[in-house]
Amino acid sequence: MTTYNVILLAHYKEREANLKRIIDDLLGGTVIPQKIIVFIDNSDIQFEDERTIILRSSQPFLPIIRFALGAGMDTDYCFFLDDDLTVQPKTMEHLIQHAEKLPNKILGFEGSILGNTETPYSNDMPIKRGNHFQPFPVDILIRSYFVPIPLLMAGLYLRAIHPELPKTSLDDVFLCLGNKYLNQKENYVIPVTEETNLIELPDGGVGQERNGDHYINRNFVCRLLMNTFYEQGIFH
């Protein structure tokens with residue numbers, strides 16, 4: 001049986017109320033995680049839940065920290081979910097069924113096929129949840145990621161070998177393009193049904209996309225990495 005852990009980031013005080021709902025929903029599913037780790041890097045968040053492992057930091061981290069934590073897990077997969085989303089009872093069972101059909105791939109529910117322009121992220125083809133009937137390969141997954149543990153390292157390595165690049169708003173870019181270019185593996189958006197789709201939660205009026213550099217950074221880094229690997233003859 002495929003095993004998985006979940007890592008949640010708790011950075012925004014405005015979303016603290018979502019955490020219990022997410023954990024309740026994960027533990028109420030047909031296939032539950034072995035562990036749920038909540039990484040809190042905001043001292044204003046006082047969340048406690050004995051069903052989880054709580055890690056606290058005295059200073060904030062960028063979201064890529066969750067992939068570093070996931071790399072040390074002892075399950076087959078790690079599930080990363082933004083804290084303005086939650087699951088339904090059969091969501092994780094549905095993910096695992098697709099993971100067993102598509103082994104050694106990163107899976108999610110929505111994503112992006114980058115455009116061939118100077119601003120590839122802004123001129124992408126968005127693949128939204130529920131708009132297709134079979135797994136769909138994408139360049140970048142967004143908001144949720146079901147990742148085989150060994151595939152996490154490429155994204156961390158990709159960021160490490162490019163210290164000159166911006167770092168904010170880029171955790172999913174490094175994860176997915178690292179998987180695509182360094183691992184030579186695919187990222188897939190999987191189809192959903194009414195009973196397996198994710199549920200939107202309040203975002204509290206905050207989030208990375210509200211950062212003024214969000215799209216600037218994503219366009220710049222995606223274009224540079226696409227050019228770099230094209231020049232190296234990697235077209236995966």
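Let me start with strand S7, residues 111-113, which is joined to strand S8 by three bridges, the two running antiparallel. Ser112 has Pro126 in S8 as its bridge partner. Strands and helices here are DSSP runs numbered from the N terminus, with at least two residues (E) for a strand and at least four (H or I) for a helix. Two strands count as paired if DSSP finds at least two bridges between them.

This is a predicted model, in which local features need pLDDT of at least 70 and side-chain atom pairs count only at pLDDT 80 or more, while totals for chains, interfaces and linings use all residues. Residues are numbered from 1 along each chain as its sequence is written, and side-chain values use heavy atoms, with hydrogens and water left out.

Back to the sheet. It is open, has three strands in the order S8-S7-S10, and its pairing is antiparallel. S8 (125-127) and S10 (140-141) are the edge strands, each with a single partner, so one side of each has no neighbour in the sheet.

Next, two helices. The axes of H4 (residues 152-160) and H5 (residues 171-182) come within 7 Å and cross at roughly 100°; axes are lines fitted to C-alpha atoms, for helices over the stretch in contact, and angles run from 0 to 180 degrees between N-to-C directions. H4 is therefore roughly perpendicular to H5, a label for angles of 65 to 115 degrees. Contact means heavy atoms within 4.5 Å, and among the residues that meet are Leu152 and Tyr157 in H4, and Phe174 and Leu182 in H5.

Now the salt bridges, each a side-chain nitrogen of Lys or Arg within 4 Å of a carboxyl oxygen of Asp or Glu. By this rule there are 19. The side chains of Arg15 and Asp83 form one, at 2.6 Å from N to O. Arg15 is in the loop between S1 (4-10) and H1 (16-27), and Asp83 in the loop between S4 (77-81) and S5 (85-86), so the pair ties together parts 68 residues apart in sequence.

Is Arg15 buried or exposed? Arg15 is buried, at 5% relative accessible area, where buried means under 20% with a 1.4 Å probe and protein chains only. Asp83 is buried too, at 7%.

Arg15 also bridges to Asp84, with the closest N and O atoms 3.8 Å apart. Asp84 in turn meets Arg143 at 3.2 Å, N to O. Finally, these residues belong to a network of salt bridges that links Arg15, Asp83, Asp84, Glu110, Arg129, Arg143 and Glu200.

Notes
Angles under 35 degrees count as roughly parallel, over 145 as roughly antiparallel, 65 to 115 as roughly perpendicular and the rest as oblique. Buried means under 20% relative accessible area, exposed over 50%, partly exposed in between (1.4 Å probe, protein chains only).
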